Amino acid sequence: MSSSILKILLSGHDSNDEAQRAEELATLLQTESILNLRGNRIGAEGAAVLATCLQTNRTLTSLNLTNSCIGDEGARALGTCLQTNNTLTSLDLWNNGIGEEGAKALGTSLQSNHTLTSLDLRYNSIRGRGAEALATSLQSNETLTSLNLDGINIENFSSACLFWGALTKCLPTNHTLTSLSLGGNYIDDENVMALATCLETNRTLTSLKLDGQHFFGDGRYRGVQTLLLTSCTLTNLNLTGSHIDDDGARELAICLETNRTLTSLNLNGNNIGKWGARRLATCLETSHTLASLNL
């Protein structure tokens, strides 16, 4: 089956036109619910054929196109199909060379899509404008529960302002997103503070990934502290590789003593010594909720 699908997607312009190839693909997929084309580099043209097929497909629920080189053009084609497709629930597009324009197209589609629950866009160069469009879609989208935006090249203050401005505006009214991954992007203490404010009213987000940060300056842990003290729903927090030292461990431990929701905290890869580790370990003994602590 996989070889037949790839033959259609990789056949190029010299065989059949896109509509004919999409029709052939539709026949092959009419009973399939999961399609994994990870690492097959179908490119923008292959993604366009697949997107045309998905506009009428009623069986496929999961599509993995990791490392498929679809770029902005392929993302736009998939964005168009998501506006009419009523079955796909999981879409994995990480590391596909998708930029701002492709992300904008996907963001637009999420505003009208009513079935997709999981979208993985990690390691694409989406940057500020693309991330802003995706965040804005959360204001009207009512089905997406998991969004992965790890390493999307939000690398400076201006890009961060665009993204965080949109995210903090939409999260308070979003009622479906439960898992958000933002690791490896530019996130300063003010951004985390703004996020904490959102989670005072948000009642659905339970898992947050902010790994790979560099907290610095006086009060550098203030945002994370506020997050732990004010969130009423957060159960899983990942701060892997965020340069947290013993002082940070002490500040987090103080918050964990009163936190009543967090069950898992990942602090692996930080600069926490024996003193900080002991201080955090005490929380495991006294906390009524914290069950997993990774140092």
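**Entry 1: Asp211**

I looked up Asp211 and found it in the loop between β7 (207-209) and α9 (222-230). I am working on a predicted model. Is Asp211 buried or exposed? Its relative accessibility is 16%, so Asp211 counts as buried, the cut-off for buried being under 20%. Next I listed its contacts, leaving aside neighbours within four places in sequence.

**Entry 2: Asp92**

I turned to another aspartate, Asp92, which sits in strand β3. Asp92 has 14% relative accessibility, so it counts as buried. Which residues does Asp92 touch, not counting those up to four places away in sequence? I noted Leu63, Asn64, Leu65 and Thr66, and also Asp120. I then took one distance, from Asp92 to Leu180. These two are 88 residues apart in sequence, and their C-alpha atoms are 15 Å apart in space.

**Entry 3: two positive phi values**

I checked backbone angles next. Most residues other than glycine have a negative phi. Asn95 has a positive one, near 60 degrees. I found Asn95 in the loop between β3 (90-92) and α5. Its relative accessible area is 38%, so Asn95 is partly exposed.

Tyr123 also has a positive phi, near 60 degrees. Where is Tyr123 found? It is in the loop between β4 and α6. With 44% relative accessibility, Tyr123 counts as partly exposed.

**Entry 4: Lys104 and helix α5**

I went on to helix α5 (residues 100-110), where Lys104 has its place. Lys104 is partly exposed, at 31% relative accessibility. Away from its neighbours within four places in sequence, Lys104 is in contact with Arg129, Gly130 and Ala133. I also took the separation of Lys104 from Leu35, 69 residues apart along the chain. Their C-alpha atoms are 25 Å apart.

Which residues of α5 are buried? I wrote down Gly102, Ala103, Ala105, Leu106, Gly107, Ser109 and Leu110. These buried residues pack against α4 (71-82), β4 (118-120) and α6 (127-137).

**Entry 5: α4 against α5**

I looked at the α4 side of α5 in detail. The two helices pack at an angle of about 5 degrees, with their axes 8 Å apart. That angle makes α4 roughly parallel to α5, since angles under 35 degrees count as roughly parallel. From α4, the contact uses Asp72, Ala75, Arg76, Gly79 and Leu82. From α5, it uses Glu100, Glu101, Gly102, Ala105, Leu106 and Ser109. By class I have 4 nonpolar, 3 polar and 4 charged residues in this contact.

**Entry 6: α7 against α8**

I moved to helix α7 (residues 157-170) and helix α8 (residues 189-199). How are α7 and α8 set to each other, roughly parallel or oblique? They pack at an angle of about 10 degrees, with axes 10 Å apart, and α7 and α8 are therefore roughly parallel. Ala160, Trp164 and Thr168 of α7 meet Asn191, Ala194, Leu195 and Cys198 of α8. This contact has 5 nonpolar and 2 polar residues, and no charged ones.

An α-helix has 3.6 residues a turn, so residues three or four places apart point the same way.

**Entry 7: α2 against α3**

Another pair is α2 (residues 18-29) with α3, packed at an angle of about 60 degrees, axes 8 Å apart. α2 and α3 are therefore oblique to each other. Their crossing is right-handed. Glu18, Arg21, Ala22, Leu25, Ala26 and Leu29 of α2 make the contact with Glu45, Ala48, Val49, Leu50, Thr52 and Cys53 of α3. I have these residues as 8 nonpolar, 1 polar and 3 charged.

**Entry 8: the nonpolar core**

I finished with the largest nonpolar core. How many residues does it have? The core has 86, and Leu50 and Leu237 have the most contacts inside it. Helix α3 (residues 43-54) gives the most to this core, with 7 residues.

In soluble globular proteins, nonpolar side chains tend to be buried together.

Notes
Residues are numbered from 1 along each chain as its sequence is written. This is a predicted model: local features need pLDDT of at least 70, side-chain atom pairs count only at pLDDT 80 or more; totals for chains, interfaces and linings use all residues. Side-chain values use heavy atoms; hydrogens and water are left out. A nonpolar core is a set of buried Ala, Val, Leu, Ile, Met, Phe, Trp, Tyr and Cys residues joined through side-chain atoms within 4.5 Å. Buried means under 20% relative accessible area, exposed over 50%, partly exposed in between (1.4 Å probe, protein chains only). Helices (H or I, at least four residues) and strands (E, at least two) are DSSP runs, numbered from the N terminus. Axes are lines fitted to C-alpha atoms, for helices over the stretch in contact, and angles run from 0 to 180 degrees between N-to-C directions. Angles under 35 degrees count as roughly parallel, over 145 as roughly antiparallel, 65 to 115 as roughly perpendicular and the rest as oblique. A crossing is left-handed if the near helix is turned anticlockwise from the far one by less than a right angle, and right-handed if clockwise. Contact means heavy atoms within 4.5 Å. Ala, Val, Leu, Ile, Met, Phe, Trp, Tyr, Cys and Pro count as nonpolar, Asp, Glu, Lys and Arg as charged, and the others, Gly among them, as polar.
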